[in-house]
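Subject: Structure handover

Hello,

Here is the structure for you to look at. My notes on what turned up follow below it.

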Amino acid sequence: LDASGLVRAANVDLDAASLGMGAGGRIESSGDIAIDTTGDMVLGALALTGNAVGNDVTLDAGGRIDGNGDGQVNVSGGGNTALSMTAGAGIGTAAN
């Protein structure tokens, strides 16, 4: 996703080799966000704008899950949002 790019949808379901989100990149959903990569995931902002019970963010990477370092909150949602993160090679660093 290019720098400052925006994806907005009722539900986001992405299967890819990798995900790289540039500075200011944002994915918004009023329902669920599910991202599955065989390689690394570099996150900008993932935002659930709905707050219904069952609206979840699920991130599954075969490699690493890291923030892109642009200062945005990487994952956000309401009080009913559940987050699941799984990565084969680690999640985050001390720097992000």
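A salt bridge here is a side-chain nitrogen of Lys or Arg within 4 Å of a carboxyl oxygen of Asp or Glu. By that rule the count is 3 salt bridges. This is a predicted model: local features need pLDDT of at least 70, side-chain atom pairs count only at pLDDT 80 or more, and totals for chains, interfaces and linings use all residues. Residues are numbered from 1 along each chain as its sequence is written, and side-chain values use heavy atoms, leaving out hydrogens and water.

Salt bridges:
- Arg 8 pairs with Glu 28 at 2.8 Å, N to O. Arg 8 lies in strand E1 (residues 6-9) and Glu 28 in strand E4 (residues 26-29), so the pair ties together parts 20 residues apart in sequence. Strands are DSSP runs of E, at least two residues, numbered from the N terminus.
- Arg 26 also bridges to Glu 28, with the closest N and O atoms 2.6 Å apart.
- Arg 64 bridges to Asp 66, with the closest N and O atoms 2.9 Å apart.

On exposure, buried means under 20% relative accessible area, exposed over 50%, and partly exposed in between (1.4 Å probe, protein chains only). Glu 28 is buried at 12%. Arg 8 is exposed at 60%. Arg 26 is partly exposed at 29%. Asp 66 is buried at 15%, while Arg 64 is partly exposed at 23%. Of the 96 residues, 31% count as buried.

Overall, the protein has 0 helices and 11 strands.

Best wishes

Notes
Helices (H or I, at least four residues) and strands (E, at least two) are DSSP runs, numbered from the N terminus.
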